[in-house]
Amino acid sequence: MAFRVIGFNDPIFSGLQDMLGVSDHEVEKSSSNTPSTKYVRDAKAMAATPADIKEYPDSYVFVLDMPGLKSEEIKVHVEDNNVLVVTGMRQREDEKEKEVKYVRMERRIGKFMRKFILPENANLDAISAVCVDGVLTITVQKLPPPEPKKPRTIQVQVA
């Protein structure tokens, strides 16, 4: 079984780009090797959502911490090429109150996303997701192993 987790550490240039007010288009035009701001934002969202992946004889189980989120705020879907995607949005409850002054703000807010490339034996029609007490558990059933081919005898005819 080979899982690939898509994501990387935050590049330092994103903060400079924001401070300088450089647009995505300018960055993409200036260097084809530099990732766009959207790509960097997605990478940050992926890095901030840790996950455990377990393999059982009949399934794969993905466990992600989603503290403070309701199940309707989390989206789970499968993209083309067997990519399992978990997305959502974490917001502050008191954003609308102007009287609130934060003394310290450590909990991450905003969009989050994780992508996992599923193995070939994953059954894309048998995926379930349950969120209990801030822990999202996604179960992906495995396809049954292919039956081994039986040897076949070929009749030789006399001409």
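Let me start with Val-63: at 17% relative accessibility, Val-63 counts as buried, because the cut-off for buried is under 20%. This is a predicted model, so please keep that in mind throughout. Val-63 is found in strand β3.

Who are the partners of Val-63? Leave out residues up to four places away in sequence, and Val-63 touches Pro-50, Ala-51, Asp-52, Lys-54, Val-135 and Leu-136. Take Leu-136 from that list. Along the chain, Val-63 and Leu-136 are 73 residues apart. Their C-alpha atoms are separated by 5.7 Å.

Now the overall layout. The protein has 159 residues. Its secondary structure comes to three helices and eight strands. Read from the N terminus, the order is β-α-α-α-β-β-β-β-β-β-β.

Contacts next. Consider those between residues at least 6 apart in sequence. Of these, 57% join residues at least 24 apart.

On to the core. In soluble globular proteins, nonpolar side chains tend to be buried together. Here, the largest nonpolar core has 15 residues. Which members touch the most others? They are Phe-62, Met-66 and Ile-138. Four strands each supply at least two residues of this core: β3 (59–65), β5 (83–90), β6 (110–117) and β8 (135–142).

Look at Met-66 in more detail. Setting aside neighbours within four places in sequence, Met-66 is in contact with Thr-49, Ile-74, Val-86, Arg-90, Phe-112, Gly-134 and Leu-136. Leu-136 is also on the contact list of Val-63.

Phe-62 brings us to aromatics. A pair of aromatic rings is described by the distance of the centres and the angle of the planes. How many aromatic pairs does the count come to? The count is one. The rings are those of Phe-62 and Phe-116, with centres 5.0 Å apart and planes at 50°, so the pair is tilted. Why tilted? Planes under 30 degrees apart would count as stacked and over 60 as edge-to-face, and the rest are tilted. The pair links distant parts of the chain, with Phe-62 in strand β3 and Phe-116 in strand β6, 54 residues apart.

Now charges. The structure holds two salt bridges. One is between Glu-55 and Lys-142, with the closest N and O atoms 2.6 Å apart. Glu-55 sits in strand β2 (residues 51–55) and Lys-142 in strand β8, so the pair ties together parts that are 87 residues apart in sequence. What about exposure? Glu-55 counts as partly exposed, at 41% relative accessibility. Lys-142, at 17%, counts as buried.

The other bridge joins Glu-79 and Lys-115. Its closest N and O atoms are 3.9 Å apart. For those of you who think in cut-offs, the limit for a salt bridge is within 4 Å, so this pair is counted. Again the pair links distant parts of the chain: Glu-79 is in strand β4 (residues 74–79), Lys-115 is in strand β6, and they are 36 residues apart. Glu-79 counts as partly exposed at 33% relative accessibility. Lys-115 counts as partly exposed at 21%.

Back to strand β8, for Thr-139. At 18% relative accessibility, Thr-139 counts as buried. What does Thr-139 contact, leaving aside neighbours within four places in sequence? The list is Ser-59, Tyr-60, Val-61, Ala-126, Ile-127 and Ser-128.

Last stop, the surface. Val-100, Tyr-102 and Met-105 form a nonpolar patch there. Together they have about 260 Å² of accessible area. Where is Tyr-102? Its place is in the loop between β5 and β6. Tyr-102 counts as partly exposed, at 35% relative accessibility.

To recap for this predicted model: a nonpolar core of 15 residues, one aromatic pair, two salt bridges and a nonpolar surface patch.

Conventions
Residues numbered from 1 in each chain as written. Predicted model: local features only at pLDDT ≥ 70, side-chain atom pairs only at ≥ 80, totals over all residues. Heavy atoms only, no water. Buried < 20%, exposed > 50% of the residue type's maximum accessible area, 1.4 Å probe, protein only. Contact = heavy atoms within 4.5 Å. Core = buried A, V, L, I, M, F, W, Y, C linked by side-chain atoms within 4.5 Å. Patch = residues over 30% accessible without salt bridge, like charges linked within 9 Å, V, L, I, M, F, W, Y side chains within 5 Å. Areas by Shrake-Rupley, 256 points an atom, 1.4 Å probe, with all protein chains shown as cover. Salt bridge = Lys/Arg side-chain N within 4 Å of Asp/Glu carboxyl O. Phe/Tyr/Trp six-rings, centres within 6.5 Å; stacked < 30°, edge-to-face > 60°.
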